[in-house]
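Please read the following note with the sequence and the model open beside it. The points are numbered so that each can be checked in turn.

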Amino acid sequence: MVINKRNQLYKPERILYYIEASDSDIEAFCNGVVCDKIKKYADSFGAYDYPGVFFIHPLGKKVIGIEFRRGDARIAYPDDLDSLVLESSFFYAVEFEKENEITEQYIQVYIQKTKQTLLFDDDAHRQYSDLAIKPEPNVTAVFEHAKKIRILYECALKKNHAKDVIANNLDELDKGMLYRKAFFDPITNYYNWNHLVPYLEIPESAGIKDYAFAHFDIKMFRVLNEIYGHIVANKVLTNVVNAIKAADFIYAGGRCHEDNFAIILKDMPQEETAEKLDIFFEGISHLEEDPNYKIHYRCGVVPMQFAIHSGNRVADEAKMAQALGNSPDKTDIVFYTEKMHDDVLWSNTIKAYVDTAVEKDEFFVNLQPKVDIATEKLKGAEALVRWNYKGKEFLSPTRFIPFFEKDGSIGKIDDIVLKKVCAAFAKWKGEGKKLYPVSVNLSRNRLYDKNIITHLTDIVDSFGVSHSLIDFELTESATYNDMEQMIRVLEELRSLGFKISMDDFGTGYSSLSLLTQMPLDTLKIDKSFVDKVGTELENEKDLAVIRHIISLARELNFTCLVEGAEQKQQVEKLRALGCEVIQGYYYCKPISIEEYENRYLRNRR
């Protein structure tokens, strides 16, 4: 049973709208089935969380429901559900990975395990308050999401120094100087992150019932420092602070470090929040010393439903969203979603596990045949990696390749594919089979490894495989920072007898002049160009593009391969357009190396 102690959190007085539930209803809910009567309110403005199972202990009730804050005229409260007012409460949040189907009995085991875990080890590190487990809680809540069960177990407040920090109560703290050093930013004379944390730990001490959260920085702030000097840059920081103080929708804020700020906002519908932040940032976008210089910001916003469950760790979620604001010439306001959290968690999980997966040989290769459209005979194949994750789940490349490309682990995967392909070639060669080229991916990040050519050549040569049988594919949709280095590597590989292909042509940003420089053997037209061909959605513009790409490839002495043909009419049309090679489901889906051998390879005669 995998345990993840997520957080400690506070919920103000609220209304629980619910339906009474049987054990079977609760089991269905915890296995991912939410009844429509509750589900329709899941994304409502003012709802604190996802629908959940609530054990109301004083009443002896088990219900399925969703919580709303009270007394807000903008909220459309449910009128077809029973309701119950829940007192303000502190909770520990503990998350478990689900194990098979969940029964009501197993839910009770989860709850008991939560209590035991928290009693044994409380490591949430609250800076200004202490909580204690309630032996007899009034409310225990259970939530299901993404194959996990999250338990909110009620606890009691033991110590509250947050109110002293929020109220600037120096008598209860040490000396004023130490207080200012701990809680104030010396440049702007405004609060720092330390001062903002107690608002997040116990917001009710500041009269805050619910809130959203944002973290932002100033784009190109280093340029301001280097070009206009520290005095001007510090003035920009002060202008940001003054805007925070003046904003009527901001409860509290702080300068975290350098040009990074955090603010606690009033909870509003997303459109309203975005509009207010747009106005806020526009008001501090002008540099007095240079009217032609526009200041842009990068802001990540965590909506209330997530912020209230993250407590003092909400900045992590805001930074996830903030990091996605990459527009070069405008202010970005990005709202955090659960998918961002899931992607980061999944990325960290597989990054930590990849070496174990390699050791356990969990990665395997499928081959998809390439067929000569004129003779309908085999021309070769593409090697496609798949992952038998922990021996339990087969993952497509989209579930892991993008994450491995980001963290640099992709080279390990490329090597596995190349080695498995070379091992197959060595076997087939020993058995006297006729051999056809196989293309393998060469990830863009590896083009800047000074030893990449020697590394790849050593792998192929160690299996005694002819270089002409290996076709290295690059993705055209990828970006390449150093075109000269890329071309140099490709030319050297090709001089050693390897083949070079450009995959997904038409989806990226390659200029036509670059095609004249790249040492290519094959140009692969992306599937997106083929999808409409031979269907009622086909139009002359699509056909014209394909026809001209085929013509261009022929004039540049490239083989033209089209990906994604699934229907006979598509193949016939592509044949008429002059296409040479097809790779698609019409001829064959990706298949195992063994099946490829049995279906397509014959002994030489």
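Predicted model: local features only at pLDDT ≥ 70, side-chain atom pairs only at ≥ 80, totals over all residues.

1. Residues are numbered from 1 along each chain as its sequence is written, and side-chain values use heavy atoms, with hydrogens and water left out.

2. Which residue does Arg69 meet in a salt bridge? The partner is Asp210, with an N to O distance of 3.3 Å between the side chains; a salt bridge here is a side-chain nitrogen of Lys or Arg within 4 Å of a carboxyl oxygen of Asp or Glu. The two residues are 141 apart in the chain, with Arg69 in strand 4 (residues 61–69) and Asp210 in the loop between helix 6 (193–201) and strand 12 (212–218). Helices (H or I, at least four residues) and strands (E, at least two) are DSSP runs, numbered from the N terminus. Asp210 is also buried, at 8% relative accessibility.

3. This pair belongs to a network of salt bridges that links Arg69, Asp72, Arg74, Asp210, Asp267 and Glu272. Over the whole structure, the search finds 42 salt bridges.

4. Arg494 in helix 16 (residues 483–495) is joined to Asp521, in the loop between helix 17 (512–517) and strand 25 (522–525), 27 residues away, and their closest N and O atoms are 3.0 Å apart. Arg494 is partly exposed, with a relative accessible area of 36%. Lys527 and Glu566 meet at 4.0 Å, N to O; Lys527 lies in the loop between strand 25 and helix 18 (540–555), and Glu566 in the loop between strand 26 (559–563) and helix 19 (568–577), so the pair ties together parts that are 39 residues apart in sequence. Both count as partly exposed, Lys527 at 32% relative accessibility and Glu566 at 37%.

5. His195, for its part, is placed in helix 6 and is buried, at 1% relative accessibility. Its side chain is joined to that of Tyr179 by a polar contact of 3.5 Å, a term for a pair of N or O atoms within 3.5 Å, of which, within protein, one must be able to donate a hydrogen and the other to accept it, and residues adjacent in sequence count only if both atoms are side-chain atoms.

6. An open sheet of five strands runs in the order 13-14-12-17-18, with mixed pairing. Why is one side of strand 13 (250–257) and of strand 18 (332–335) left without a neighbour in the sheet? These strands stand at the edges, and each has a single partner strand; two strands pair if DSSP finds at least two bridges between them. Strand 13 and strand 14 (residues 260–265) pair in the antiparallel sense over six bridges, and Gly254 stands opposite Ala262 in strand 14.

Definitions and conventions
Buried < 20%, exposed > 50% of the residue type's maximum accessible area, 1.4 Å probe, protein only.
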